[in-house]
Amino acid sequence: MPSHDVLIIGAGLAGQRAALAAAQSGATVAIISKVHPVRSHSVAAAGGINAALNPEDSWESHAYDTVKGSDYLGDQDAIEIMCRAAPDEILWLEHAGVTFYRDETGHLGTRAFGGASAARTYYVADITGHAILHVLYEQLMKHSDAVDRYEEWFATDLLQDDDGRCIGAVSRNLRDGRLEVFNAKATILANGGAGQAYRPTTNGLIVTGDGIAQAYRIGAKLKDMEMVQYHPTTLAGNGLLITEGARGEGAWLLNARGERFMEKYAPNKLDLASRDVVSRAEQTEINEGRGFPDGTVALDITKVPKRRVLEALREIVNIGRDFAGVDITSEPIHIRPGQHYIMGGVKTDVDGQTTIPGLYAAGEVACVSVHGGNRLGANSLLDTLIFGRRSGEHAAKQAVHMPMPTTPATRISDTEAAINAIIRRPEGGRRVAAIKGELGDAMNQYVAVFRDADGLQKAREIIRRLKEEAPKASIDDRGSIFNQDVIGAIELGYMLDCAEATVIAAQERKESRGAQFRTDFPERNDEEWLKHIDVSANGDDEPIVSYSPVTITKWEPQERTY
Ligand SMILES: Cc1cc2nc3c(=O)[nH]c(=O)nc-3n(C[C@H](O)[C@H](O)[C@H](O)COP(=O)(O)OP(=O)(O)OC[C@H]3O[C@@H](n4cnc5c(N)ncnc54)[C@H](O)[C@@H]3O)c2cc1C
C-alpha cells in the first residue's frame, strides 16, 4: 500500500507546485493525475499571469484591482498574500526556465488585462500555461527521490479515520483497473474546476469537479459556488476560448451595427473592463437585438498589427482558422460569453486547509477566496502557484511530526462494489453523455450571465431528476483497461453534485454581485449580502446553507465602475 507524508490529487499547476514545495520541505510525496500531468487543463492557459513586478507598479494596486474585480466578495487577507508574493513567484519561474516574453530592451514585457490599472500580465505568447506546466514537470523530475508520480490514476474516494481526519484516498489505475489505497498524513486536492457541468465551456473534458464533489461528500464546506465566470470571448457552439490577451493587445468588441458598444457600459476601461461587466454588456447587446443572427457579437483583432498577432497570439490564429473558418488577422470573429471558470470551490484558509482535518485544497478546486464574485484574467495561474506552494509547505510541516495512519486494505471494497455496480448496469438505460448534455444545457440556460428565481428553480428540478437517472445510466465498456465509460459515469455524479451546490447558492444570494446577476434582484446589497455562502452536504437530505464573513483589511466596498 503506497504510504506518503503528503498525497496530492491533481498534477496541474496547483498540484505540481504543491508537490515541489512539500518535497523541498522534507516530505515524501505522491502525486496522482487522471491524465499525464502535462495534459492537465492548466496546459490550456493562454494569456498570462499577473504580478506587480515593474518598479512603477505596486502589490497594493494589484490587490485593490483584485478586490474591486471580486465585487468586494474576495477575502482581502488572502488577496494581500497572493499579490505580495506574485513578483517573487514570477522570478522563481523565470529562473526555473519559463521563457517569459522579453521586450526589445531585454526586460520582461507585459500585456494589459481586464480590470487591471497597470499592464502587469507576464506571458509566453499565448501558451503561458503550457510553458509553466512543462517547466514544473521538469522540476518534479529533479525531485523524483521524494516525489512518486502516479500518472493515469483516478482518485475515486477520500478516506477518513474514526475522528473524521482525512488519511488518503482510494484510486484506480486506469491502465488495468486495479484499485489501491493511498495512505497519507495529509492530502491536498488539486483537481481543478468543474466547467464540464456546463455546455458549452472553455474547459476540457477532464474538468469534471471531482475534488469538489469528493470533499463535499465527506462533509467539507463549499464556498462561493454561485460565482461562475462567463468569459466574454468564446466561440459560439464549441465554446473555445479566444484569450483576453487579444483585447490586451488592442482588439475591439463590436456589435452587429459596427458600434464599439463598451463605450456605453465601461467608458474608461472599455473592452478591458472586468469579465463579468463585459460579458453582461455583450449579452445585453445580443438580447436587445444588436448582435448577429447566430447570437454573437464580434471581436475585431485586425486592430492589432498583423506582425504582433503572429508573434504574440499565434494560437488563436490557429483556433480562428480551424474552428471558425476565420482569418483573425483580416476579419472580425464572432464571439459570445461562455462558461470559463468557477470562483467557488472547497472552502480553505490561506494555507489551503479545508474544514476537514488533514485535507487541503489549492487551485481552481479551492475557494480561498481571492476571486470573490469575479476573477480578474491572469489571476488564476497566480492563485494556483501561490496557494499550491503554501498548501504543500503547510501540509509537509504538519506531516513530518505525525505518525503514518494505517488504513485497512478492506476500505477498497466499497469503491470496488460501486464500480462493479456500474459495470453490471443493464443495457438500454439513458446514456451518460445524454444526461451530461442535458445538465450542461440547463446550467447554460438558467445559471448563466443573467439569472432569476424561476430559472434557478427549473435548473434545481432538472438536476434533481438527473440525479435519479444518473445511477441507472448504462455503459458499453465492461473491461478493465482504460475504461473511460466507468470513469465517465463516476464523473457525471461529481458534476451533478457541483451543479446542485451552484444552484443552491445562486438561489440563496438574493442580490447581484460579480458574476451573479439576478434580474429579480438587480442591485448589489452590501447590508444583507456582503458575506460568503457556504454549502455542505447533509446525507440524503437537502444540503445545508450557512454564511461566513468577508475579510476586509484595507478596502471598504465602493460603487464599482470601469
Ligand atoms: C482555455 C483556458 C485558458 C485560460 N487562460 C488563463 C490565463 O491565461 N491565465 C490565468 O490565470 N488563468 C487562465 N485560465 C484558468 C486556469 O488555467 C485554471 O484555472 C488553472 O490552470 C487550473 O489549474 P489547477 O492546477 O487548479 O487544475 P488543472 O490544471 O485543471 O489540473 C487538475 C488536475 O487534477 C487531476 N484530476 C482531476 N480529477 C482527478 C481524479 N479524480 N483523480 C486523479 N486526478 C484528477 C487532473 O488530471 C489534473 O492533473 C484559463 C482556463 C482555460 C480553460
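Contact here means heavy atoms within 4.5 Å. With that in place, I start at glutamine 229. Leaving aside neighbours within four places in sequence, glutamine 229 is in contact with Arg275, Gly338, Gln339, His340, Tyr341, Met343, Asn374 and Arg375.

Before going on, the ground rules. This is a predicted model, in which local features need pLDDT of at least 70, side-chain atom pairs count only at pLDDT 80 or more, and totals for chains, interfaces and linings use all residues. Residues are numbered from 1 along each chain as its sequence is written, and side-chain values use heavy atoms, with hydrogens and water left out.

Back to glutamine 229. It is found in strand E11; strands (E, at least two residues) and helices (H or I, at least four) are DSSP runs numbered from the N terminus. Is glutamine 229 buried or exposed? It counts as buried, at 1% relative accessibility; buried is under 20% relative accessible area, exposed over 50%, and partly exposed in between, with a 1.4 Å probe and protein chains only. Its side chain reaches the backbone oxygen of arginine 375 at 2.8 Å.

Now the rings. A pair of aromatic rings is described by the distance of the centres and the angle of the planes. Rings of Phe, Tyr and Trp (its six-membered ring) pair if their centres lie within 6.5 Å; planes under 30 degrees apart are stacked, over 60 edge-to-face, the rest tilted. The whole structure has 9 aromatic pairs. One of them, tyrosine 101 with tyrosine 123, is stacked, at 5.0 Å centre to centre and 15° between the planes. Tyrosine 101 lies in the loop between helix H3 and strand E4, and tyrosine 123 in the loop between strand E5 and helix H4, so the pair ties together parts 22 residues apart in sequence. Tyrosine 123 counts as buried at 1% relative accessibility.

Tyrosine 198 and tyrosine 230 have ring centres 6.0 Å apart and planes at 75°, so this pair is edge-to-face. Tyrosine 198 is in the loop between strand E9 and helix H5 and tyrosine 230 is in strand E11, so parts 32 residues apart in sequence are tied together. Both tyrosines are buried.

Last, the cores. A nonpolar core is a set of buried Ala, Val, Leu, Ile, Met, Phe, Trp, Tyr and Cys residues joined through side-chain atoms within 4.5 Å. The largest has 79 residues, and Leu189, Ile212, Val346 and Leu439 have the most contacts inside it. Helix H15 (residues 484-508) gives the largest share of this core, 15 residues. A second, separate core of 60 residues includes Ala86, Leu133, Val135 and Tyr137.

Technical notes:
Polar contact = N/O pair within 3.5 Å; in protein donor to acceptor, adjacent residues only side chain to side chain.
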